[in-house]
Amino acid sequence: MSKEADNIILIGMMGTGKTTVSSILAQELGYTRIDIDTEIEAQEGCPIPVLFQEKGERYFRQVESDTLCRILKDSSQVVSTGGGCVLRTENQKIMKDAGWVIALTASPESIISRVSSSGDRPLLKGNVEERIKNIMEERKDAYSFADVTIDTSELSPEEVVHHILTLYRV
């Protein structure tokens, strides 16, 4: 467990609760909360769907890696990553070196329920159920480098935070 760097990094598919959990967790610890997607939008001056549309996924993934690297130079942070941030091996190493990595997972049904009404997710164009299942299959091993994995399907965000804090304070 790489808690020495004093960061907690949340990874996982969209809809697993990273944004909500990171907010509560940062408040509980008195840490700074950083959302990588929000940082990218501020830096690029446009929403991520627009960035995907105008510059493509490859460009976005590079900006994401650069932003992750910059953010993780600091400490005492709870960092919420985008769901695909783990796709680059170098991002995985950066995260492991910078803190304690927690993968949030959920059942396909839970994720579909949580994200189906969101129209701002560029990777979900088309049949949401089919896209979620395909992305989950493509990324089934991408989160395996995490120090801890927590299934959020049946847990409230507060319960997830409690579980993380229990493990973190050991």
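**View 1. A146 sits in the loop between α6 (128–138) and β5 (148–151).** Helices (H or I, at least four residues) and strands (E, at least two) are DSSP runs, numbered from the N terminus. This is a predicted model, where local features need pLDDT of at least 70 and side-chain atom pairs count only at pLDDT 80 or more, while totals for chains, interfaces and linings use all residues. Residues are numbered from 1 along each chain as its sequence is written, and side-chain values use heavy atoms, with hydrogens and water left out. A146 has a relative accessible area of 14%, so it counts as buried (buried is under 20%, exposed over 50%, partly exposed in between, with a 1.4 Å probe and protein chains only). Leaving aside residues up to four places away in sequence, A146 touches I11, V101, I102 and A103 (contact means heavy atoms within 4.5 Å). I11 is 135 residues from A146 in sequence, yet their C-alpha atoms are 8.1 Å apart.

**View 2. K96 and D147 pair up in a salt bridge, 2.7 Å from N to O.** That term means a side-chain nitrogen of Lys or Arg within 4 Å of a carboxyl oxygen of Asp or Glu. The pair links distant parts of the chain, with K96 in helix α4 (residues 89–98) and D147 in the loop between α6 and β5, 51 residues apart. K96 is partly exposed at 26%, and D147 is partly exposed at 24%.

**View 3. R61 and E64 form a salt bridge, with their closest N and O atoms 2.9 Å apart.** Both lie in helix α3 (residues 48–71), three residues apart, or about one turn. Both R61 and E64 are buried.
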